[in-house]
Structures are given as structure tokens and as C-alpha cells.
Amino acid sequence: MAMDLQAQTTASNAPVSRDDVERELDWLISIEPEPEELDTMDDYERLMLPHQRRIEPAGTLLRQYGQQIRPATVEALRDEFYSITESDKYAFDPKAESVARSALSSAWAGLNGWQE
């Protein structure tokens with residue numbers, strides 16, 4: 001469902017909502033392997049490979065959200081970043097917070113001075 005949403009958002013240039021962002025982050029968190037499943041980086045890449053076609057559109061949606069944030073400053077991005085990653089939804093689960101931080105930071109790299 002979220003992939004269809006992302007495709008529609010991209011095609012129509014409709015605004016990306018916070019709910020859209022959280023839906024993508026929730027999906028990314030759900031596919032993230034548990035550390036005990038991994039011995040090497042190759043294990044991580046192997047487990048993530050089946051999701052690759054879906055991961056890229058998720059990153060695009062997250063980037064579109066970052067591009068919408070006003071004012072278009074690194075301070076506004078930082079405020080939104082922490083509003084999301086420190087929300088009750090993500091802050092009390094280390095894996096969820098880590099994935100949310102990583103996904104947003106990666107997607108926003110270079111936006112208005114944002115550094116990954």
C-alpha cells in the first residue's frame with residue numbers, strides 16, 4: 001500500500017504528509033533485521049536485497065517530505081527530524097529510533113545544508 005501511495009504522490013506532486021512519512025518509516029523498521037540475525041555486512045545486504053525495489057521509493061518519499069519543510073533551513077529540518085525521531089512512536093524503541101534517524105538523515109542529505 002505505501003508503495004502505491006508513494007507512486008501516486010510522486011506522479012501527482014501532491015504534498016507528502018507526516019502520516020505518509022511515518023508509514024514509510026514503519027515499513028523500513030519492520031524489514032530491518034535483528035542484530036542477532038547478522039554476522040557480517042554481507043548477511044545484512046542479503047536480507048535487505050529482496051526489499052531493494054521498495055526501499056528506494058521510500059527514500060524518495062522521505063526526501064520529498066524534507067523538501068516541503070518551511071522555512072527551507074537546516075534548523076527547520078532539524079526541528080522536524082527531532083519531532084519525528086523523538087516522538088513516542090520511535091523514541092522508546094532503540095531499533096525504531098535508529099532506523100528512523102538513519103532513513104531521514106540519508107534521505108535529507110544535502111537538503112538546505114543537512115549533513116548525513
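Student: At what angle do helix α2 (residues 18-31) and helix α5 (residues 74-85) pack?

Tutor: This is a predicted model, in which local features need pLDDT of at least 70, side-chain atom pairs count only at pLDDT 80 or more, and totals for chains, interfaces and linings use all residues. Residues are numbered from 1 along each chain as its sequence is written, and side-chain values use heavy atoms, with hydrogens and water left out. Axes are lines fitted to C-alpha atoms, for helices over the stretch in contact, and angles run from 0 to 180 degrees between N-to-C directions. With their axes 12 Å apart, α2 and α5 pack at an angle of about 55°.

Student: Which orientation class does the pair α2 and α5 therefore receive?

Tutor: Angles under 35 degrees count as roughly parallel, over 145 as roughly antiparallel, 65 to 115 as roughly perpendicular, and the rest as oblique. The angle here is about 55°, and α2 and α5 are therefore oblique.

Student: How many charged residues does the contact of α2 with α5 have?

Tutor: Ala, Val, Leu, Ile, Met, Phe, Trp, Tyr, Cys and Pro count as nonpolar, Asp, Glu, Lys and Arg as charged, and the others, Gly among them, as polar. By class, the contact of α2 with α5 has three nonpolar residues, one polar residue and, among the charged, two.

Student: What is the angle at which α4 and α7 pack?

Tutor: The axes of α4 and α7 are 8 Å apart, and their crossing is right-handed. The helices are roughly perpendicular, as they pack at an angle of about 70°.

Student: How many helices does the protein have?

Tutor: Helices (H or I, at least four residues) and strands (E, at least two) are DSSP runs, numbered from the N terminus. The pattern along the sequence is α-α-α-α-α-α-α. The protein has zero strands, and its helices number seven.

Student: How many aromatic pairs does the count come to?

Tutor: Rings of Phe, Tyr and Trp (its six-membered ring) pair if their centres lie within 6.5 Å; planes under 30 degrees apart count as stacked, over 60 as edge-to-face and the rest as tilted. Phe81, Tyr82, Trp108 and Trp114 form one aromatic cluster. The count of aromatic pairs comes to four.

Student: How many residues apart in sequence are the parts that the pair Phe81 and Trp114 ties together?

Tutor: The ring centres of Phe81 and Trp114 are 5.1 Å apart and the planes stand at 50°, so the pair is tilted. Phe81 lies in helix α5 and Trp114 in the segment after α7 (94-108), so the separation in sequence is 33 residues.

Student: What is the angle between the ring planes of Trp108 and Trp114?

Tutor: Trp108 is buried at 0% relative accessibility, and Trp114 is buried at 10% (buried means under 20% relative accessible area, exposed over 50%, partly exposed in between; 1.4 Å probe, protein chains only). Their ring centres lie 5.6 Å apart, and the pair is edge-to-face because the planes stand at 80°.

Student: Which residues is Thr85 in contact with, leaving aside its neighbours within four places in sequence?

Tutor: Thr85 lies in helix α5 and is buried, with a relative accessible area of 0%. Its contacts beyond those neighbours are Tyr90, Ala91, Glu97, Ala100, Arg101 and Leu104.

Student: What distance separates the C-alpha atoms of Val16 and Gln67?

Tutor: Val16 is placed in the loop between α1 (2-12) and α2, and is buried with a relative accessible area of 4%. Val16 and Gln67 are 51 residues apart along the chain, and their C-alpha atoms are separated by 9.7 Å.

Student: What is the phi of Asn112?

Tutor: Asn112 is placed in the segment after α7 and counts as partly exposed at 33% relative accessibility. Although Asn112 is not a glycine, its phi is positive, at about 45°.

Definitions and conventions:
Contact = heavy atoms within 4.5 Å. Left-handed = near helix turned anticlockwise from the far one by under 90°.
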